[in-house]
2 protein chains.
Amino acid sequence: MDQARFRKQLDFIVEVDKVKEILRKSKLFTRSRYENDAEHSWTICLMAVLLREYANDEVNLERVMKMLLIHDIVEIDAGDTFLYAKERATVRASEEAAARRIFGLLEEDQAKELYSLWIEFEERATSEAKYARVLDRLEPIFSNYVNEGYTWKEHGISLDMVIEKNGIVEEGSKEIWAFVRALLDECVEKGYLAK
Amino acid sequence: MDQARFRKQLDFIVEVDKVKEILRKSKLFTRSRYENDAEHSWTICLMAVLLREYANDEVNLERVMKMLLIHDIVEIDAGDTFLYAKERATVRASEEAAARRIFGLLEEDQAKELYSLWIEFEERATSEAKYARVLDRLEPIFSNYVNEGYTWKEHGISLDMVIEKNGIVEEGSKEIWAFVRALLDECVEKGYLAK
């Protein structure tokens, strides 16, 4: 074992523990408190395992899971930006700097691997990235369904906005997008989401 | 899409969200609060990705990650039992019942897959399970190192006890076990762990 390499790996694990203190705009399904980035990543990783059969293409699940595990680590430096916030358009530069700093704590081979996976997820050019994004979007939508639209109501989100911002789900899973569209209509009917 | 099947998958995700409220005896690396099972699972899944090169055998990382994602779900019903507690010897029956109930929320094919992975992890008969257990043990030990033995001191844990309960690390990674042994000696020297 190369001790210096191993210590870098452990130091990286200690550093990324900070995502456990980055709160999202979504709550737990029990609505008891806001969810943090580590918890969110765990949930969607598990969703990736269970829902693979609905992906448009065959996917390499190992790559999907790796992407989902690390996709929010950049928020340690860049913070969590709400999907519907204006700042969303300009956050990319600070997230990129964060990716370089944080993944750069590892030796070059692993730093490169994680950075590439992060870029792949962001640019969604592969089947794996497209499918990974489905899970990242499905969780908060389903959470709003279960919890009667609490985030949508709090931030004045309407059906058009949800459709516009989440249409990328279709790129990864036509079947899940069809489910989401019907669910959103049901949310409007039930008064969870403004028309 | 089989809607009934998909709803079972989503209902499972909602049910297992409860692990986010199961607290462990370990704290975050910043020591700000106790860690929950979902956060712990996320960390060790990421460790599995980074530390694979130290596994005694070649491992299928997808299977390792799946095991780590689900290994603590049974604690929703059975609770978290401290590694050094006497109850540890008798908790297996209630964990088994929990596994049947919770994985049984899914359709039979997926229920069977997750149940088998959970049993595989518990019985550590495969290279994947042995490696997965390394990460599950390494995290709290390293957390105690970083945080000056807080859990060990709180519960009166000594070097012999840590060695006895964590010797299984060697089955999955001789290199990591050698690192851990040296780290434990350092912990004794520094006063983090009783001799």
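A salt bridge is a side-chain nitrogen of Lys or Arg within 4 Å of a carboxyl oxygen of Asp or Glu. By this rule, a search of the whole structure gives 50 salt bridges over all chains. The structure is a predicted model, in which local features need pLDDT of at least 70 and side-chain atom pairs count only at pLDDT 80 or more, while totals for chains, interfaces and linings use all residues. Side-chain values use heavy atoms, without hydrogens and water, residues are numbered from 1 along each chain as its sequence is written, and chains are lettered from A and ligands numbered from 1 in the order in which they are written.

One of the salt bridges joins the side chains of E35(A) and R24(A), at 3.4 Å from N to O. E35(A) belongs to strand β2 (residues 34-36) of chain A and R24(A) to strand β1 (residues 23-27) of chain A, so the pair ties together parts that are eleven residues apart in sequence. Helices (H or I, at least four residues) and strands (E, at least two) are DSSP runs, numbered from the N terminus.

Between chain B and chain A, the contact (heavy atoms within 4.5 Å) takes 56 residues from chain B and 56 residues from chain A. The buried area, which is the accessible area (1.4 Å probe) that two parts lose on being put together, summed over both, is about 5000 Å², and carbon and sulfur atoms give 70% of it. Six salt bridges cross this interface. In one salt bridge, R52(B) pairs with E62(A), with the closest N and O atoms 3.5 Å apart. On the side of chain B that touches chain A, the elements giving two or more residues include α1 (3-16), α2 (37-51) and α11 (174-190) of chain B. The largest share of that side comes from α2(B), with eleven residues.

Where is empty space left? Rolling a probe the size of a water molecule over the atoms shows this. On a 1 Å grid over the protein atoms alone, a cavity is a set of points where a 1.4 Å probe fits but cannot get out, and lining residues have an atom within 4 Å of a point. Grid points are joined across faces, edges and corners, and a volume is the space filled by probe spheres set on the points. The whole structure has one cavity of 30 Å³ or more. The lining of the largest cavity includes D57(B), K130(B) and E171(B). α7(B) gives the most to this lining, with three residues.

Methods: 1 Å grid on protein atoms, 1.4 Å probe; cavity = no way out; pocket = protein on both sides within 12 Å on 5 of 7 lines; lining within 4 Å.
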